[in-house]
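User: I'd like to learn how to read a protein model feature by feature. Can you walk me through this one?

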Amino acid sequence: DYIEWSGNSLSPWTKSTIPSTTSEYYLGATAIDNNPNGFAVCGIGGVVRVSQDAGRSWSNAIVYNSGTALIFNGIASGGGKLVCVGTGSNGFGGLIKVLTNNGAIWATQATISNATTATTLKGVAYTGNGFIAVGNGGRILTCYGDPAIATSWNPEATLTTSNLYGVAFATSGSLSNIAVLVGDGGKIVIGGMFDTSDSSVN
């Protein structure tokens, strides 16, 4: 449970204030879309922490299903919601859980999604009007509705069976609506709709 923050110069780094009595291991981090000074982290045991002051201090742990093998591997923010993806509470399979933002106060309990897969999910990104999640075996899921509703998530075709660990999605600029996925063996998958009228895209 060690987080440091720094200013624009990226030096020096200062240890953040984290209220905790036990060790925690964080695997994912995201900026909060509706708070210019907000960040959130997630990790092993289904833990989520939120900072409202640019990482200087962090909230008490928000834990889903404490004491299980559940792991949040990735986290993304969008539309006033935090979406966490990972491994199920039995240590197998995938899961998607959602936290909603009530003004400036984050809910202490998750709005639970029933959207689960047989495949562990490793990364998630906000697309501007939804979310995209990736995982083992080349799994790709997209959501263009309420992420807390199982039927909002749909599997997408993929060109790889490699485990995918991370995803980024451009919401503006010449690469708007383009996703980049990375995984095992140096695998990089790029997909979306390119703007062929933009001369900067080759």
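Analyst: Strands β12 and β13 (residues 131-135) run antiparallel and are joined by five bridges. Strands here are DSSP runs of E with at least two residues, helices are runs of H or I with at least four, and both are numbered from the N terminus. Two strands count as paired if DSSP finds at least two bridges between them. One example from this pair is V124, whose bridge partner in β13 is A133. Before we go on: this is a predicted model, so local features need pLDDT of at least 70 and side-chain atom pairs count only at pLDDT 80 or more, while totals for chains, interfaces and linings use all residues. Residues are numbered from 1 along each chain as its sequence is written, and side-chain values use heavy atoms, with hydrogens and water left out.

User: How many residues sit between the strands in the hairpin of β12 and β13, and what does G128 do there?

Analyst: Four residues lie between the strands, and G128 takes a positive phi near 100°.

User: How do I read burial, and why is β12 described as largely enclosed?

Analyst: Go by relative accessible area: buried is under 20%, exposed is over 50%, and partly exposed is in between, using a 1.4 Å probe and protein chains only. In β12 (residues 121-126), five of the six residues are buried, so the strand is largely enclosed by the rest of the structure. Across the protein, 43% of the 202 residues count as buried.

User: What about phi in residues that aren't glycine?

Analyst: Most residues other than glycine have a negative phi. Here A54 has a positive phi of about 65°. A54 is in the loop between β5 (47-51) and β6 (62-63), and with 22% relative accessibility it counts as partly exposed. Another case is N177, not a glycine either, with phi near 75°. N177 belongs to the loop between β16 (164-169) and β17 (178-183) and is partly exposed at 42% relative accessibility.

User: How many salt bridges are there by this rule?

Analyst: The rule asks for a side-chain nitrogen of Lys or Arg within 4 Å of a carboxyl oxygen of Asp or Glu. By that rule there are two salt bridges. In one of them, the side chains of E24 and R49 meet at 2.8 Å, N to O. E24 lies in the loop between β2 (14-15) and β3 (26-31) and R49 in strand β5, so the pair ties together parts that are 25 residues apart in sequence. E24 is buried, at 11% relative accessible area, and R49 is buried too, at 1%.

User: And where are D146 and K81 in the chain?

Analyst: D146 forms a salt bridge with K81, with the closest N and O atoms 2.9 Å apart. The pair links distant parts of the chain, 65 residues apart: D146 is in the loop between β14 (140-143) and β15 (153-155), and K81 is in strand β8 (residues 81-87). D146 counts as partly exposed, at 29% relative accessibility.

User: Which residues form the nonpolar patch on the surface?

Analyst: They are V180, V182, I188 and I190, with about 330 Å² of accessible area together. Patch members have over 30% relative accessible area and no salt bridge; like charges are joined within 9 Å and nonpolar side chains (Val, Leu, Ile, Met, Phe, Trp, Tyr) within 5 Å. Areas come from the Shrake-Rupley method with a 1.4 Å probe, and for residues only the protein chains shown count as cover. I190 itself is exposed, at 52% relative accessible area.

User: Is G43 buried or exposed?

Analyst: G43 is buried, at 0% relative accessible area, and lies in strand β4 (residues 39-43). Leaving out residues up to four places away in sequence, G43 touches Y25, Y26, L27, I71 and F72, where contact means heavy atoms within 4.5 Å.
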